[in-house]
Amino acid sequence: MPDKKTIRAKPESLSSVLVNSFRNRKKRPTGSDPCGENGFPVIASYNVHKCVGRDRKFDPDRTSHVIQEIGADIIALQEADSRFGERTGLLDLIRLERECGLSPVPVAAGTKAHGWHGNVVLFKEGAVRDVHPLKLPGLEPRGALVVELELKQGGTLRIIAAHFGLLRHSRAQQAKALVELLDERDKQPTILLGDLNEWRLGNGSSLNTFRDAFGTLPPAVPSFPAGMPVLALDRIISNRTGLIDNVTAHNSALSRVASDHLPLKATVRTDILTHEPAA
């Protein structure tokens, strides 16, 4: 009989993940649950799929309506730019600012692009203290935005908005790159959010790389495919216990068709930030 220390958990198969996800569907919160209670801001992540819905229609107005539905104070978007050639922004950012009060974090990525490798961070109130675009390793062109915001409610919050690749080896490299970046910087309350493209939870999961930096991950919330979400490809995690609360999928009639991903949102407990010692 082998030593217990040498026994490893079997990697989860896709079929087992799907079965467990279907079993637990009724137990999970959806977008109808309250977010942002007691004046706490809402943070969200949304892969807008280049504004192409499940009906294969390119409809930026529909995407903007979903963003308005979410009601986030801070939101990270993925695939907000065209992918090939000169990246071109696909949303009307002026309209989003007018109707939702969301302003984009400035990124010097190109004359026509909204963000960095399709990643855009928008926020309502506060001030941008620092922006660091990061090109992630891997075969596909992927990136992350590291943003430090001084919030109106008080305190400074570091946000890492990322979009990981489709290949398992690339995701492992990309997770390692983000952890290395954090190791090089001062310790701050940090929220990592975005489409991490990782459904595995076993030994082969790139999410394991974040354990030392972020601790125990919150429960997975399926967000893909939007019509019947069973895979938790999108994530919102933090490096402070209790910093985020009530992680849910925004599941509405419009969000189920506007993209192949549902948006994810959570409440940010800014009272924790105000008690954080200065970096």
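The model is predicted. Now pick out arginine 158 and look across to β8, where threonine 190 is its bridge partner.

**Widen to the sheet.** Show β5 to β9. The five strands form an open sheet, ordered β5-β6-β7-β8-β9. Their pairing is mixed. Strands of a sheet pair through backbone hydrogen bonds, either parallel or antiparallel. Which strands sit at the edges? Select 127–136 for β5 and 234–238 for β9; each of these edge strands pairs on one side only. Turn the view to follow the twist, which averages 15° from one strand to the next.

Select residues 168–184. This is helix α4, and it packs on the sheet. Helix α4 touches β5, β6 (142–150), β7 and β8.

**Finish at asparagine 197.** Go to the loop between β8 and α5 (211–214), where asparagine 197 is found. Is asparagine 197 buried or exposed? Its relative accessible area is 11%, under the 20% cut-off, so asparagine 197 counts as buried. Display its side chain. That side chain reaches the backbone oxygen of phenylalanine 164 at 2.9 Å.

Now show what surrounds the residue. Leaving out residues up to four places away in sequence, asparagine 197 touches these:

- Arg142
- His163, Phe164, Gly165 and Leu166
- Arg171
- Leu233

Terms used
Residues are numbered from 1 along each chain as its sequence is written. This is a predicted model: local features need pLDDT of at least 70, side-chain atom pairs count only at pLDDT 80 or more; totals for chains, interfaces and linings use all residues. Side-chain values use heavy atoms; hydrogens and water are left out. Two strands pair if DSSP finds at least two bridges between them. Helices (H or I, at least four residues) and strands (E, at least two) are DSSP runs, numbered from the N terminus. Axes are lines fitted to C-alpha atoms, for helices over the stretch in contact, and angles run from 0 to 180 degrees between N-to-C directions. Contact means heavy atoms within 4.5 Å. Buried means under 20% relative accessible area, exposed over 50%, partly exposed in between (1.4 Å probe, protein chains only). A polar contact is a pair of N or O atoms within 3.5 Å; within protein, one must be able to donate a hydrogen and the other to accept it, and residues adjacent in sequence count only if both atoms are side-chain atoms.
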